[in-house]
Amino acid sequence: MNEHRTESAGGRGTEGAATRGTDAGPAAGAAAHDGPDAYDAHAPYDVLVIGAGPVGLITATQLGARGRRVGLVERWPRRYPLPRAVVFDHEAARVLASLGLADELAALSEPATDYEWRNGRGETLLRLAFEDTGHSGWPAMNIFTQPQLEAALEARARQTPGVEVLRGWEAVDLTEDADGVALTVAESAGDRPVLRDGRQGRRTLRARYAVGCDGANSFVRSRMTTAMTDLGFQHDWLVLDVLPHDPGRVFTPRNLQICDPSRPTTAVSGGPGRRRWEFMLLPGESAAEFGSAETAWRLLADWDLHPGNATLERHTVYTFRARRAERWREGRLLLAGDAAHQMPPFAGQGMCSGIRDAANLTWKLDLVLSGDADEALLDSYTAERSGHLRHALELSVLLGGIICEPDPAAAALRDARMLADRRAGRDPLADLPPQVLPAGLLRHGPDGAPAAPAGQLGCQGRVRFRGRTGLFDQVVGTGFTLLATEDPRAALDDADLDRCARLGIRLLRVTGDPAADGPDEVVDLDGTYRAHLAHHGQQALLLRPDHYVFGGATRPEELPGLLAALRRGLVGSAAAGTRPVR
């Protein structure tokens with residue numbers, strides 16, 4: 001499933017750039033910039049988030065929901081109005097729902113039911129079917145329109161106490177000291193400075209930490225020493241977003257990849273009422289010439305689309321790349337989303353990976369800021385996410401290598417291999433590494449490796465809790481959760497219970513008894529959790545706020561040790577992944 005990554009020509013665009021946004025500028029504690037070293041010595045923010053795309057908005061909102069004061073800095077005065085990413089998976093859907101968007105996701109997106117790959121002769125090389133209900137309780141893959149999602153996310157951020165959205169301010173300088181960071185911002189129309197009486201207004205903001213969610217050309221990353229590893233994948237594609245005038249027109253299959261060396265092509269849903277086409281530029285073709293509206297309509301004519309029956313919403317040439325930063329944290333500076341990694345769009349994991357970054361980072365920052373975790377916990381962010389990212393990157397590059405083959409002879413060999421695999425029932429993706437956290441804040445076994453199911457993504461199902469029925473997150477809530485087949489309190493002493501209370505660890509018993517109505521009893525309506533526990537041979541699971549399993553217990557007597565391992569991980573160097581948490 002496709003989404004765009006880095007634009008190769010023309011930049012982000014200038015829609016709305018000439019109009020100053022209505023957002024207030026940096027407020028309390030943001031001193032006017034009247035000298036290179038002038039700033040308010042009292043940090044008004046816990047965290048500054050630079051970049052108000054989906055990842056930045058989620059990062060700011062999650063931190064604000066935990067009681068943190070957050071400044072969200074964005075150089076564009078208004079949201080970008082055109083589509084970019086078009087797909088998010090079940091895990092990303094769960095994160096979005098946890099922000100309070102559960103009821104809005106149905107209007108913002110539609111489930112993706114299929115994804116078919118064909119060669120130039122029309123033979124099916126690969127067909128992927130997606131579950132209506134994925135592991136996280138939401139459809140496995142979802143198609144959406146990014147401006148609509150960003151509008152909902154920004155509205156949620158603005159409604160969150162402690163979050164201040166600072167649009168029309170560009171980060172121009174960033175320094176770090178023992179107490180925090182100083183970020184100098186300048187008034188911006190997005191693509192040019194805002195001048196008043198010939199001068200550009202400047203402010204300097206203070207915070208404990210800064211998170212760069214500011215894209216592939218990240219300003220924050222430019223202030224770090226981390227190297228970028230390039231996986232050597234680079235292709236230019238013309239991306240077209242189209243609104244067919246006939247809303248009842250059916251495209252079959254709904255999501256199609258044509259692996260034709262004469263012109264690799266993508267034709268997928270672009271969200272409710274929209275379609276997206278992508279056409280790879282062939283060797284010798286110019287991005288400047290190929291990116292015209294005339295070229296777009298010429299290519300769309302093969303799909304019986306023309307100005308009389310469709311609107312061309314956008315036509316832009318993008319460069320698909322595969323890169324990752326080696327370190328995502330240096331001191332008080334951190335990276336998330338495209339600032340930390342870029343990948344080809346063919347697995348639909350670019351934005352999803354950024355959402356995972358936010359989900360992984362925000363609860364750790366909160367614990368460090370509150371003093372409940374050592375700063376070394378932030379090192380586990382790189383260890384966990386960069387290792388986990390390997391799956392998404394390798395999958396994207398693998399799929400891109402299959403699709404972006406312009407040589408007819410090589411394409412013929414590819415077709416023969418994939419057709420033989422399909423006839424034999426072999427999965428061409430089976431050799432990819434598992435999608436689990438390989439290291440970090442996890443319960444480890446005697447061999448130093450995570451003790452399964454530690455590092456695996458926890459499931460989500462429908463439950464009844466205190467008279468309410470629905471998905472677990474919307475009924476019970478999110479955060480640390482100790483979920484057991486018997487009341488976990490019975491196995492814990494007062495000190496354990498006090499530590500659970502301080503960290504906000506919910507202590508819950510999961511049951512299949514429909515008559516259960518205790519204040520800490522969760523009725524497992526569809527057997528999701530009991531099946532999950534049985535599959536792993538566990539009686540209890542300790543789940544982290546990002547829904548990944550810290551560790552499990554096969555009997556109640558193991559629960560104190562499980563909590564002790566978490567405590568050691570939060571306050572010791574083990575959190576950095578350099579020493580196993582046992």
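User: Starting with a loop, where is D197?

Analyst: D197 is found in the loop that links strand 13 (195-196) to strand 14 (199-200), where helices (H or I, at least four residues) and strands (E, at least two) are DSSP runs numbered from the N terminus. This is a predicted model, in which local features need pLDDT of at least 70 and side-chain atom pairs count only at pLDDT 80 or more, while totals for chains, interfaces and linings use all residues. Residues are numbered from 1 along each chain as its sequence is written, and side-chain values use heavy atoms, with hydrogens and water left out.

User: OK, and is D197 buried or exposed?

Analyst: D197 counts as exposed, because its relative accessibility is 83%; buried means under 20% relative accessible area, exposed over 50%, and partly exposed in between, with a 1.4 Å probe and protein chains only. Its phi is near 55 degrees, which is a positive value in a residue other than glycine. Phi is also positive, near 60 degrees, at D304, again a residue other than glycine, and D304 lies in the loop between helix 7 (293-300) and strand 20.

User: Which peptide bonds are cis?

Analyst: The bond from T252 to P253 is cis, with omega near -10 degrees, and P253 belongs to the loop between strand 16 and strand 17 (256-259). The bond from A452 to P453 is cis as well, with omega near 10 degrees, and P453 is found in the loop between helix 10 (408-424) and strand 24.

User: Zooming out, how many helices and strands does the chain have?

Analyst: The secondary structure comes to 14 helices and 30 strands, and 58% of the 582 residues count as buried. Taking contact to mean heavy atoms within 4.5 Å, 73% of the contacts between residues at least 6 apart in sequence join residues at least 24 apart.

User: What is the strand order in the sheet of 7 strands?

Analyst: That sheet is open, with the order 25-24-28-27-26-29-30 and mixed pairing, where two strands pair if DSSP finds at least two bridges between them. Strand 25 (468-471) and strand 30 (549-553) stand at the edges with a single partner strand each, so one side of each has no neighbour in the sheet. From one strand to the next the twist averages 25 degrees; angles run from 0 to 180 degrees between N-to-C directions, and axes are lines fitted to C-alpha atoms, for helices over the stretch in contact.

User: How do strand 24 and strand 25 pair?

Analyst: Strand 24 (residues 462-465) pairs with strand 25 in the antiparallel sense over 4 bridges, and F465 stands opposite R468 in strand 25.

User: And which strands does helix 14 lie across?

Analyst: Helix 14 (residues 559-571) lies across strand 26 (481-484), strand 29 (540-543) and strand 30, and runs at about 160 degrees to strand 30.

User: Switching to helices, at what angle do helix 1 and helix 2 pack?

Analyst: Helix 1 (residues 54-65) and helix 2 (residues 90-101) pack at about 50 degrees, with their axes 11 Å apart. They are therefore oblique to each other, given that angles under 35 degrees count as roughly parallel, over 145 as roughly antiparallel, 65 to 115 as roughly perpendicular and the rest as oblique. I58, T61 and Q62 of helix 1 make the contact with V95, L96, S98 and L99 of helix 2.

User: What about R94, is that residue buried or exposed?

Analyst: R94, which is found in helix 2, is buried, with a relative accessible area of 5%. Neighbours within four places in sequence aside, R94 is in contact with S136, W138, G458, C459, Q460, D473 and H547.

User: Last one, what is the order of the sheet of 3 strands?

Analyst: This open sheet has the order 5-9-6, with antiparallel pairing. Strand 5 (87-89) and strand 6 (109-111) are its edges, each with a single partner strand, so one side of each is left without a neighbour in the sheet. The twist averages 30 degrees from one strand to the next. Strand 6 and strand 9 (residues 141-144) run antiparallel and are joined by 3 bridges, and the bridge partner of E110 in strand 9 is I143. Helix 8 (residues 350-370) packs on this sheet and touches strand 5 and strand 9, its direction making about 50 degrees with that of strand 5.
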